[in-house]
Amino acid sequence: MSMHGTVQTRPNPWQRFIQWLPSRITRSTRVFAWLVLISNIVIVGSGGLVRLTGSGMGCETWPYCTADSLIPTPELGIHGIIEFTNRTLTGVLIVIALLAFLSVVKLKATRPELWKLTFANGIGIILQAVVGGVVVWLHLPPSLVGIHFLISGALVANGAAYVYRVYSGPGPRRSAVGRGFTLLARLTAVAVAITVVVGILLTGAGPHAGDNAAARNGLDPVFWQHVHSWPAYVTFGLTLLLFVASWRTPPVLRLRLWVGLLLSVEVLQIAVGLWQARSGLPIALVNIHMVLAVALVAAMTAVIMNLKAPAAVADLEAALVELYLQRGV
């Protein structure tokens with residue numbers, strides 16, 4: 001009871017929990033943002049290992065591993081362990097997604113984009129789990145397996161965008177580069193998307209089906225290796241142009257850094273792609289190639305996100321450019 005005779009009630013556990021949640025961007029918010037991105041990349045590697053080791057049917061049902069057991073039985077051997085480990089990682093991703101969401105839920109009014117990105121990440125992970133279950137039920141059809149990978153790519157792009165927005169300021173954003181650079185960046189992004197999609201089609205024609213009895217899409221893998229290389233080299237050429245042009249962009253955007261990262265991933269991806277094609281598609285190289293594909297998506301997303309800056313920064317950069325042009329005249 002207070003000195004005025006009124007009774008003070010203590011907040012209930014739910015109220016205390018809400019009060020405990022951060023009301024600003026903290027170090028933990030940034031850590032969870034990076035974990036969202038990294039975990040969505042890591043699970044691509046573990047999912048690739050499932051396919052490359054022929055463990056796609058290691059656990060024959062979903063969400064159970066067998067009709068009578070949630071976890072792998074000794075009879076399933078190493079394939080059951082590999083497949084079950086991959087699906088268990090989905091639970092880790094869900095926990096990370098929830099923690100990331102809770103770290104920004106109180107910022108919904110001031111930073112609505114953070115709330116939306118974390119919410120989309122959680123929904124995407126749940127959708128991915130459902131699609132994964134359907135893939136197992138239908139014995140790994142290549143079309144659905146391809147959709148499974150596309151969702152992973154979308155989640156990685158979302159994670160990269162989320163990391164960027166956590167570190168950037170609030171408020172409206174405005175383009176801080178010229179129209180030519182923006183168009184070139186968008187064309188590069190389209191080329192990246194086409195390269196990834198054609199790569200998925202090639203994978204559906206190749207030998208790594210996830211199970212010996214799994215169907216293939218019927219495409220000629222030798223011919224489609226060449227088809228896959230066409231947009232890949234177009235992407236590389238566009239990125240080279242983008243890298244040269246990035247040296248004329250405002251330093252505050254750090255586009256030189258992000259385009260340089262994109263270019264580095266592409267060089268490594270091309271090297272691994274050529275190596276794996278000439279060495280009979282060894283498991284390790286194919287898995288690295290898969291992980292690099294989503295790393296490419298993340299790097300491209302970083303470039304696209306950095307084309308804009310907070311309105312105040314964009315206006316300042318425009319004023320500096322105008323001043324520079326006037327002095328040049």
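In this predicted model, L242 touches F181, L184, A185, T188, V259 and V303, when residues up to four places away in sequence are left out of the count. L242 also belongs to the largest nonpolar core, a set of 51 residues in which L37, L114, F149, Y162, L242, L255 and V303 touch the most other members. At least two residues of this core come from each of helix 2 (27-52), helix 3, helix 4, helix 5 (142-167), helix 6 (179-205), helix 7 (221-246), helix 8 (255-278) and helix 9 (283-305), and helix 9 gives the most, with eleven residues. Apart from this core lies another one, of 14 residues, which includes I43, V135, L155 and A214. As background, nonpolar side chains tend to be buried together in soluble globular proteins.

The buried residues of helix 8 are L255, V259, G260, L262, L263, V265, E266, Q269, V272, G273 and Q276, and what covers them includes helix 6, helix 7 and helix 9.

Most residues other than glycine have a negative phi, and most peptide bonds are trans. In the loop between helix 7 and helix 8, however, R254 has a positive phi of about 55° although it is not a glycine. After helix 8 comes G280, whose phi is also positive, near 80°. L281, which is placed in the loop between helix 8 and helix 9, has a phi near 55°, a positive value in a residue other than glycine. L281 counts as partly exposed because its relative accessible area is 23%, where buried would require under 20%.

Leaving aside its neighbours within four places in sequence, H289 is in contact with H228, Q269, V272, G273 and Q276, and among the buried residues of helix 8 are Q269, V272, G273 and Q276. H79, by contrast, is placed in helix 3 (residues 77-104) and counts as partly exposed because its relative accessibility is 33%. Beyond the residues up to four places away in sequence, H79 touches T53, G54, S55 and G58, while the C-alpha atoms of H79 and G48, which are 31 residues apart along the chain, are separated by 13 Å.

Finally, the surface of the model has a nonpolar patch formed by I94, F119, I123, I126 and V130, which together have about 440 Å² of accessible area. Helix 4 (residues 112-137) contributes the largest share of this patch, with four residues. I123 lies in helix 4, and because its relative accessible area is 45%, I123 is partly exposed.

Terms used
Residues numbered from 1 in each chain as written. Predicted model: local features only at pLDDT ≥ 70, side-chain atom pairs only at ≥ 80, totals over all residues. Heavy atoms only, no water. Buried < 20%, exposed > 50% of the residue type's maximum accessible area, 1.4 Å probe, protein only. Contact = heavy atoms within 4.5 Å. Patch = residues over 30% accessible without salt bridge, like charges linked within 9 Å, V, L, I, M, F, W, Y side chains within 5 Å. Areas by Shrake-Rupley, 256 points an atom, 1.4 Å probe, with all protein chains shown as cover. Salt bridge = Lys/Arg side-chain N within 4 Å of Asp/Glu carboxyl O. Core = buried A, V, L, I, M, F, W, Y, C linked by side-chain atoms within 4.5 Å.
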